[in-house]
Amino acid sequence: MATSLCYAKPFKLFSLQFPQTQKPQIRTQTTQIREAETLTITGPTQLSGHVPISGSKNSSLCLLAATLLCSNSCLLHNVPTGLSDTKAMLSILRSLGAKIEFNERNKEILVNTDGVGRVEPCLEEMRKIRGGFFVIGPLLARFGEAVVGLPGGCDIGERPVDLHVRGLRALGATVEISYGRVLAYSANGKGLVGGSFHLDFPSVGATETLMMAASMADGVTVLSNVAKEPEVIDLARFLNDSGACVYGAGSDKLLIKGKCQLRGCECYVPPDRIEAGTFMLAAAITRSLISISPVTPSHLSCLIDKLKIAGCKITRCNNDTLEVSAIPENVCENLRGFNVRTSPFPGFPTDLQPPTMALLTTCSGSSIVEESVFDRRLGHVRELQKLGAKIQVCGSTALVFGRETRSALHGSQLRAADLRGGVALVLAGLVAEGTTEISGIGHIGRGYENLDTKLQFLGADIKRSIPMASQL
């Protein structure tokens, strides 16, 4: 039997009037990055040494949004505070009235949401990142209403929010979409209620949004065909530490018992598995030996298996340190190509597909790369081709021809059009003969903290520069 909920303040439904004749638009908006800084890489180069892995970007954005559910303060450790996406999320929270203190040196952020007095975050900041849309779940759960802009992010294909919307409606919300904004409020005027919802696709964003919303819904919620990604488990741990009851994280079904109030807690953001995987690929493409930590090997099992097939030697030095070697004396021959098909966790991560393709252009034989998650995540192919890579594309599948059928990569002027595609160009630039200049690197700064500095410490010849203003 459902119990009554004790909300801190009464709900005040917005009196926004949307034209009834306008067709709702639920597609996301593409982030526009202002051209400014560039990366200049001189190659080829070989890397060596140790690289520290920052806290998970994807976990951090969701956990920061989840602080809106909690009374008192939440303390987050190991947050990648240098990322532009993190800064945008903090701006979104501030625009709602949250008080934020952070220690840049220790990567700690203290968030207190007791003073939140708005349910409509800054639209400009919302347009910068896709992760900003996470706030709709906590705002709706705690305050009974939310008015948020459609999310931004990289232009890598259709990433609609229809699963989020349908899931929230299953929890008793009324949701309307118009003029690039989503208006949501509890239909009964009291709060969300437990319900059941089956996701057509195991979307990480939809899973996490509905988890947060259900954590304060009246009654029990069952979500099926949910995402199993490590970031979902991170969120479930945070919610449970805050007093919620979330069961089944890591499986395809979640059971959530709603609570009338959640309290602030302290949590540690796990290492970024995508950044860790990127540096593993950097070692492979440059035929180098480096170590990385902290890292959770089980989160990268698919990549580790593929790199071993290619011929890399991967050693687990301790619980959170991996050593990746692709130096010729260790692999005895050129790395071999392999086939990749992206899929939700525990499958091969779509975020690692672009840098993996860069590696495959330097391996022997031909490889097939199939992108099954996003329909426009092969935009980096054209830029890799400018370096001399031989790649043929048909739909969402690419055929990559390795070193046996082409000459080595050569430097060129490139443009990063998205986050993961941009880092693929950086990896390719490390092994390209001559100078490679990459513009549009604001995309890379959304997900990689001090990437150029970390590569410099490993021995890469990479420089960041700001073009001088032209004279009239």
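Lysine 107 is found in the loop between strand S5 (99-103) and strand S6 (108-112), and its phi is near 60°, a positive value in a residue other than glycine.

**Confidence along the chain**

- Over residues 1-34 the pLDDT is below 50, although this stretch has 77 contacts in the model beyond near neighbours in sequence.
- Residues 153-159 also have a pLDDT below 50, and for this stretch the model holds 31 contacts beyond near neighbours in sequence.
- Where pLDDT is low, the predicted coordinates should not be read in detail.

**Backbone geometry in the loops**

- Most residues other than glycine have a negative phi, and most peptide bonds are trans.
- Asparagine 78, in the loop between strand S4 (73-77) and helix H2 (84-96), has a positive phi near 60°, and with a relative accessible area of 17% this asparagine is buried.
- The peptide bond from glycine 43 to proline 44 is cis, with omega near 0°, and proline 44 lies in the loop that runs between strand S1 (38-43) and strand S2 (48-52).
- A cis peptide bond also joins serine 293 and proline 294, here with omega about -10°; proline 294 belongs to the loop between strand S16 (289-293) and helix H9 (301-310).

**The open sheet that contains S1**

- Four strands make up an open sheet in the order S23-S24-S1-S25, and their pairing is mixed.
- Strand S23 (413-415) and strand S25 (461-465) stand at the edges of this sheet, and because each has a single partner strand, one side of each is left without a neighbour in the sheet.
- On average, neighbouring strands of this sheet are turned by 20° against each other, direction ignored.
- S1 and strand S24 (residues 434-439) run antiparallel and are joined by five bridges, with isoleucine 41 standing opposite threonine 436 in S24.
- Helix H13 (residues 419-431) packs on the sheet, where it touches S1, S23, S24 and S25, and the direction of this helix makes about 30° with that of S1.

**The open sheet that contains S21 and S22**

- A further open sheet has four strands in the order S19-S20-S22-S21, again with mixed pairing.
- Strand S19 (340-341) and S21 are its edge strands, each with a single partner strand, so one side of each is left without a neighbour in the sheet.
- Strand S21 (residues 390-394) pairs with strand S22 (residues 397-401) in the antiparallel sense, over five bridges, and glutamine 392 stands opposite leucine 399 in S22.
- The hairpin of S21 and S22 has two residues between the strands, and in this hairpin glycine 395 takes a positive phi near 65°.
- Lysine 390 has phenylalanine 401 in S22 as its bridge partner, and the charged end of lysine 390 sits over the ring of phenylalanine 401, 5.0 Å from its centre.
- Helix H11 (residues 353-360) lies across S19, strand S20 (366-370), S21 and S22, and runs at about 170° to S20.

- In helix H5 (residues 162-170), the buried residues are Leu163, His164, Val165, Gly167 and Leu168, and what covers them includes helix H4 (136-143), strand S8 (173-178), strand S10 (196-198) and helix H6 (204-214).
- Just after H5, glycine 172 takes a positive phi of about 90°.
- Threonine 278 lies in helix H8 (residues 273-285) and counts as buried, at 2% relative accessibility.
- Leaving aside residues up to four places away in sequence, threonine 278 touches Leu352, Val423, Leu427 and Tyr448.
- The C-alpha atoms of threonine 278 and leucine 303 are separated by 9.9 Å, with the two residues 25 residues apart along the chain.

Conventions
Residues are numbered from 1 along each chain as its sequence is written. This is a predicted model: local features need pLDDT of at least 70, side-chain atom pairs count only at pLDDT 80 or more; totals for chains, interfaces and linings use all residues. Side-chain values use heavy atoms; hydrogens and water are left out. Buried means under 20% relative accessible area, exposed over 50%, partly exposed in between (1.4 Å probe, protein chains only). Contact means heavy atoms within 4.5 Å. Two strands pair if DSSP finds at least two bridges between them. Axes are lines fitted to C-alpha atoms, for helices over the stretch in contact, and angles run from 0 to 180 degrees between N-to-C directions. A charge sits over a ring if NZ of Lys or CZ of Arg is within 6 Å of the ring centre and within 35 degrees of the ring normal. pLDDT is the predictor's confidence in each residue, from 0 to 100.
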